[in-house]
Amino acid sequence: MLSVQPDTKPKGCAGCNRKIKDRYLLKALDKYWHEDCLKCACCDCRLGEVGSTLYTKANLILCRRDYLRLFGVTGNCAACSKLIPAFEMVMRAKDNVYHLDCFACQLCNQRFCVGDKFFLKNNMILCQTDYEEGLMKEGYAPQT
């Protein structure tokens, strides 16, 4: 966890070992850092600028994206069966995971946006219209 703290007395930077004389310093992993010294070991992004979370593994300090890329779990899209990289944004419906582009009604291909109503029937994602038509064909009306 990162925290930005006003400098009260000079502390040693865990990155460069020099005294921190800046107005603000970062505290992470129970150590103090210059804002420029706390960086992702892979992409060199300044971790104080990308959020309040950092990841460590195998003596590496990493941003979220690189941590997931290196150590995250990948899976397959329930619609297209192609691999979903661990760092990619996904949509979930119960135990199923989907690429954002694949999260659509599997009958009419209508894409869903955040907040849209969808139904999961027999492991298929359906829009409200196709779900209700399916219920009508089965002989009973949808519940409201």
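Rings of Phe, Tyr and Trp (its six-membered ring) are taken to pair if their centres lie within 6.5 Å, with planes under 30 degrees apart counted as stacked, over 60 as edge-to-face and the rest as tilted. In the present predicted model, local features require pLDDT of at least 70 and side-chain atom pairs pLDDT 80 or more, whereas totals for chains, interfaces and linings use all residues. Residues are numbered from 1 along each chain as its sequence is written, and side-chain values use heavy atoms, with hydrogens and water left out.

Ring pairs join Y98, F103, F112 and F118 into a cluster. The structure holds seven aromatic pairs. The pair formed by Y55 and Y67 is stacked, because the ring centres are 4.9 Å apart and the planes stand at 20°. This pair links distant parts of the chain, twelve residues apart: Y55 belongs to strand β6 (residues 55–57) and Y67 to helix α2 (residues 64–71). Helices (H or I, at least four residues) and strands (E, at least two) are DSSP runs, numbered from the N terminus. Y55 has a relative accessibility of 23% and therefore counts as partly exposed, a class lying between buried (under 20% relative accessible area) and exposed (over 50%), with a 1.4 Å probe and protein chains only.

Y32 carries K11 over its face, at 5.1 Å from the ring centre; the criterion is NZ of Lys or CZ of Arg within 6 Å of the ring centre and within 35 degrees of the ring normal. G12, located in strand β2 (residues 11–12), is partly exposed at 40% relative accessible area. Not counting residues up to four places away in sequence, G12 touches R18, K19, I20 and Y32, contact meaning heavy atoms within 4.5 Å. The C-alpha atoms of G12 and Y32 are separated by 6.7 Å, the two residues being 20 residues apart along the chain.
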